Amino acid sequence: PQQLCAVVHWGHYRQMELIWTKVAWLAFAYVFSFVGAIWYGLEQSQLFAIHNHEEASMPSSAAVLDGLPLLSGQEPVEDKLKSAVQAATGVEPEGVSVAWNFSACQEEIDQAIEAEFEEGATAYSAADGATELGPLGRVEQMVTDQVLHAWGVHLERSEE
C-alpha cells in the first residue's frame, strides 16, 4: 500500500510538472488550425477569383432585368424579352428565364406538386415488384442474398 501511494504521488507530481507540454500542444494546435483555416479560405477565394476572371461562366454572361411590368404569362414573355434584349444590345441571348411571382397561389402549387410526387411514388412502388432484373441485377441480387443468408437474415420475397 505504501509503494502504491508513492507511485500515485509521483505520477501526480510528474503530471503537474509536464502540464505545460499539454497546454503548449493545445495552444499550438488551436493557433495552427485557426491560421490554416483562414489561409485556406483566402487561397480558395483567390483561386476562385482567378478562375472566374479567366474562364467564361454563368455569372459573367448573365443579366438581371428589374422593374419589368406585371405580366399574366398568357403571352410568350421569354420571346418578347429575348427580342427586346437583342434589339437593345445587338447580341442574341442564349436563353431567357423569367422568375414568376406566385406568392398568391403558392399553396395551390405546393399541393399540386405534392400530389404529383405521391402519384409518381405510388406508380414507382407498383412497378417496382414487376421489374425484371437484367444480368447485372441478378448477380447483385444473388450476392445480396448470400450475404444476408451468411448473416442469418431471411427476407420474405414474393416471387411471381
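User: Is Trp-151 buried or exposed?
Analyst: Exposed, at 65% relative accessibility. Buried means under 20% relative accessible area, exposed over 50%, and partly exposed in between, with a 1.4 Å probe and protein chains only. This is a predicted model: local features need pLDDT of at least 70, side-chain atom pairs count only at pLDDT 80 or more, and totals for chains, interfaces and linings use all residues. Residues are numbered from 1 along each chain as its sequence is written, and side-chain values use heavy atoms, with hydrogens and water left out.

User: Where does Trp-151 lie?
Analyst: In the segment after helix 5 (135-150). Helices are DSSP runs (H or I, at least four residues), as are strands (E, at least two), numbered from the N terminus.

User: Which residues make the nonpolar surface patch?
Analyst: Val-139, Met-142, Val-143, Val-147, Trp-151, Val-153 and Leu-155 make a nonpolar patch of about 670 Å². Patch residues have over 30% relative accessible area and no salt bridge; nonpolar side chains (Val, Leu, Ile, Met, Phe, Trp, Tyr) are joined within 5 Å, like charges within 9 Å. Areas come from the Shrake-Rupley method with a 1.4 Å probe; for residues, only the protein chains shown count as cover.

User: Now charge. Which residues gather in the negative patch?
Analyst: Glu-107, Glu-108, Asp-110, Glu-114 and Glu-118. Asp and Glu count as negative, Lys and Arg as positive; His and the chain ends are not counted. Each charge is placed at NZ of Lys, CZ of Arg, CG of Asp or CD of Glu. Glu-108 is found in helix 4 (residues 106-128) and is exposed, with a relative accessible area of 58%.

User: How many salt bridges in the whole structure?
Analyst: Two. A salt bridge needs a side-chain nitrogen of Lys or Arg within 4 Å of a carboxyl oxygen of Asp or Glu. Arg-14 pairs with Glu-17, with the closest N and O atoms 2.4 Å apart. Lys-82 and Glu-92 meet at 3.8 Å, N to O. That pair links distant parts of the chain: Lys-82 sits in helix 3, Glu-92 in the loop between helix 3 and helix 4, 10 residues apart.

User: Why are Arg-14 and Glu-17 separated by about one helical turn?
Analyst: Because they are three residues apart in helix 1 (residues 2-17). An α-helix has 3.6 residues a turn, so residues three or four places apart point the same way.

User: And overall, how many helices and strands?
Analyst: Five helices and zero strands in the protein chain. Of its 160 residues, 2% count as buried.
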